Amino acid sequence: MGQWHTKDPEVVTRELGTTPEGLTSDEAKVKLEEYGYNELIERKKRSPVSMFFHQFTDFMILVLIGAAIVSGVIGEASDTLAIVVIVILNAVIGFVQEYRAERAMAALKEMAAPMAVVIRDGKPRAVPARELVPGDVVLLEAGNVVPADMRLLEAVQLRVEEAALTGESVPVEKHTKALTDPHTPLGDRRNMVFKGTVVTYGRGKAIVVATGMNTELGRIASMLQEEEEVKTPLQRRLQSFGKKLALVVLAICAIVFVAGLIRGEEPLRMFLTAVSLAVAAIPEALPAVVTISLALGARKMVRQNALIRKLPAVETLGSVTYICSDKTGTLTLNRMTVEAIWTGSGFHSIRDLRHSDFESSGLLSVLMMSLALCNDARVDATGRYLGDPTEVALTEAAETVGFRKEQLEALYQRVAEIPFDSDRKCMTTIHKRPEGTLLSITKGAVEILVERARSLLTTHGESPLNKDSVLEVAETMASEGLRVIAIGVKELEEIPEEIETVEEGLTLVGLVGMMDPPREEAKEAVVECKSAGIIPVMITGDHPLTARVIARKLGILEDDRETIITGKQLDALSMEEFEEMVEQVRVYARVAPEQKLKIVKALQDRGQYVAMTGDGVNDAPALKRADIGIAMGITGTDVAKEAAHMILLDDNFATIVKAIKEGRRIYDNIRKFIKYLLTTNSGEIWTLFLAPFIGLPIPLLPIHILWINLITDGLPALALSMEPEEGDVMKRPPRHPKESIFAHGLGVHAIWVGLFMAGMVLSIQAWAIRTGAHWQTMVFTVLCLSQLGHVMAIRSEKESLFRTGIFSNPYLLGAVVLSILAQLATIYIEALNRVFKTEPLTLAELIICLVLSCTVFVVVEIEKWIRRRRSG
């Protein structure tokens, strides 16, 4: 076995126990069990059990467990038990978050898995590439990524780019002949194709000889192991910030510990307090929460037809300043439709034609009948027409006004034809009428048919043809972005020996204007783009005139300063010249896919953040270079999808805009989560840090700090990720990709609100100690509930909660209510009083706590009101 390049195809099939017609499903199943999945072995995934125990490996948690043990040894069993319970609860929350994130990532990865067309049970079918086994026969075509190492059985002008394996950038011509040298270098094995390489031209049929780690790629590299572990820029920034914050917090904890000892507090209590404060104040969960938010956001995007392949794309979508989109199929429907017709009686819109129009005008009937008959479109089993897009459009137009192709063909039997060719630029069919006479119908380019016609059919019969006026009409239609063809007819007694002569002396019946119309939802998406500070750009291989009309209809071109440039003009410009004008260009016409890379580079050099769409093999470099490469899910090749950050499952421009909107929402919610977490931690730090310096005892016990941390970092904080988008999310300019997470006053807010909380808490402590109230329980309650008031206030950066709507995020409302009930339980349930060292508050004390807790909500609402006044 092995050295497949030296063996004839018959030998290869025999050794692998297969045939050129492939394996059966049962054989493939057996081989899959024998060889395993066709994928590179990844690092072993952690089991749920190890994931749970991993939650206890954090340094601060280990210190806390140590503190619980010390507490137990010296006889404080209730403290030990309470700390252990809270640590376990924290671990459960951390585990659930991590497990959900991993599941979300796995689901995304599965959806993005490449497919392969394989012959199973004698029929071609698409299967996930990971399910290929040795002996499978695979069909290859331009654009496919080769899914396994394979020996070629057929190669029709097949060329493969093997740079991923050999470093050879020029595509290699392939053949099927056996080679003689067993030591032929990899790059010279012309009868083999290898996993990870790319088919750039032609087609082929090949038999799988190696899969997974047995492939050449598997042997020499594990670089194709998914880069899912690469952290997003935001995660990296937060991790770095977390480390710096940890050092500051540990210094503060040391000061609190020493200050407590100086005041005469118990060393054990001060040690536990310092450790608890460190655990509460260091936001070690931040990077994990960001991953969860991004992964769950990506899953939500799938439901909106945007599949995220690379997780950082979710975060960076909010920074996009330019969307460069293909016209056909993305901005338009990718379906030619007849928009207008012209006959000797004038212009008609196909949408406005009624049955009565045909009764009064035999002229329209002749035209529609001609569209249906001079046509090779065919209906499939589902009733849809197949064939050339132009012919399908003509057939559908005729059918919409009652001229069904199948019925007409039964009456007017086709007896001869002259197929279309690019030299004649026309097509002719000859039909036998029920009464036995012959009718010849010709369709083709307007300028050709006008030259070959001698008359024009009008409502009064045949009239002399004014060629100039017909060409003028055609020009008017073309200026509206329509593709115009002409229809002519001729009466025949018999089919002439020189059949081409039937295309001379025609009677012109009319002109038909067609267009691939813009998507309605794309128009709305363009308006939304512009209001969000994003510039939409159209790229097409079409004529500049057609491009201009579509761009104007969509609202991409609005004023004369915005320009159209052709591929030819683009080639003639140097990079420096192009960069000078690139920000004014809104439409690129007659552009080749390779030129997209130049467009991306020029925009990026001007500091723009570019999303680029593409579907072909040649689009891959531009997709890879773009800040967000977007491949088409329906028409896109495997290569384009592999290079892209995101795949549009419906090939629709509006979906890109929805994804950007969702990306902005996710980033906003991550900012809110960070703002909330840092502010609450700041409040706890200031409270414990300042108390000794103003002559007050340590306000909280370790158990109180851990409980507040559990209550605030738990459900309310996670529920913020479910916050709906703000009203202005698509009315503000894109976020700069290097913008700090603390921009727009987030860091300042965390410090001043934290100080306000601490001031309020220490004031109630001083008052309660002086009046003999239950001071520690009141401090505990005010700090906990004020943080819940704060989370309600920061649901929007600017808008009041009452405008946003208290019930618009039911998850958060439910989390806050549950947290309040949990806090009340620690005060009024006797068993919990012993655990938390609390005492039941009187009604007056509880009312004071509730009123004070609401002041944080009020001051943050005032801050937002001031911000609205300044910006308004």
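Contact here means heavy atoms within 4.5 Å. The structure described is a predicted model, and the values reported for it were computed from that model.

In the predicted protein, the secondary structure comes to 34 helices and 26 strands. Of the 872 residues in the protein, 52% are buried. Among contacts with a separation of 6 or more, 71% are accounted for by residues 24 or more positions apart.

When neighbours within four places in sequence are left aside, Thr 429 is in contact with Leu 373, Cys 374, Arg 414, Ala 416, Glu 417, Leu 439, Ser 440 and Ile 441. For one of these residues, Ala 416, the C-alpha atom is separated from that of Thr 429 by 6.0 Å, although the two residues are 13 residues apart along the chain.

An open sheet of eight strands was found, with mixed pairing and the order E8-E26-E25-E24-E9-E21-E23-E22. Its edge strands, each of which pairs on one side only, are E8 (306-308) and E22 (563-566), and the twist from one strand to the next averages 20°. Within this sheet, strand E9 (residues 322-326) and strand E21 (residues 535-539) pair in the parallel sense over five bridges, and Cys 324 has Val 537 in E21 as its bridge partner. Two helices pack on the sheet in this region. Helix H20 (residues 544-554) touches E21, E22 and strand E23 (585-589), and the direction of H20 makes about 140° with that of E23. Helix H23 (residues 596-605) touches E9, E21, E23 and strand E24 (610-614), and the direction of H23 makes about 170° with that of E24.

E21 and E23 run parallel and are joined by two bridges, with Met 538 standing opposite Val 587 in E23. E22 and E23 likewise pair in the parallel sense, over four bridges, and the bridge partner of Thr 566 in E23 is Ala 589. Five of the five residues of E23 are buried, so this strand is largely enclosed by the rest of the structure.

Helix H34 (residues 843-871) packs with helix H30 (residues 775-793) at an angle of about 30°, and the axes of the two helices lie 8 Å apart. H30 and H34 are therefore roughly parallel to each other, since angles under 35 degrees count as such, and their crossing is right-handed. On the side of H30, the contact is made by Met 778, Thr 781, Val 782, Leu 785, Ser 786, Gly 789, His 790, Met 792 and Ala 793, while H34 contributes residues including Ile 848, Leu 852, Val 856, Phe 857, Val 860 and Lys 864. By class, the contact of H30 with H34 has 12 nonpolar, five polar and three charged residues.

H34 also packs with helix H29 (residues 746-771), here at an angle of about 155° and with the axes 11 Å apart. H29 and H34 are therefore roughly antiparallel to each other, as angles over 145 degrees are counted in that class, and the crossing of H29 and H34 is right-handed. In this contact, His 749, Trp 752, Val 753, Phe 756, Met 757, Met 760, Ile 764 and Trp 767 of H29 meet Ile 848, Leu 852, Thr 855, Val 856, Val 859, Val 860 and Glu 863 of H34. The residues of the contact of H29 with H34 divide into 12 nonpolar, two polar and one charged.

A further helix pair is formed by H19 (residues 520-531) and H26 (residues 653-690), which pack at an angle of about 35° with their axes 8 Å apart. The crossing of H19 and H26 is left-handed. Glu 521, Ala 522, Ala 525, Val 526, Glu 528 and Cys 529 of H19 make this contact with Phe 653, Ala 654, Val 657 and Lys 661 of H26. By class, the residues of the contact of H19 with H26 divide into seven nonpolar, no polar and three charged.

Definitions and conventions:
Residues are numbered from 1 along each chain as its sequence is written. This is a predicted model: local features need pLDDT of at least 70, side-chain atom pairs count only at pLDDT 80 or more; totals for chains, interfaces and linings use all residues. Side-chain values use heavy atoms; hydrogens and water are left out. Axes are lines fitted to C-alpha atoms, for helices over the stretch in contact, and angles run from 0 to 180 degrees between N-to-C directions. Angles under 35 degrees count as roughly parallel, over 145 as roughly antiparallel, 65 to 115 as roughly perpendicular and the rest as oblique. A crossing is left-handed if the near helix is turned anticlockwise from the far one by less than a right angle, and right-handed if clockwise. Ala, Val, Leu, Ile, Met, Phe, Trp, Tyr, Cys and Pro count as nonpolar, Asp, Glu, Lys and Arg as charged, and the others, Gly among them, as polar. Two strands pair if DSSP finds at least two bridges between them. Buried means under 20% relative accessible area, exposed over 50%, partly exposed in between (1.4 Å probe, protein chains only).
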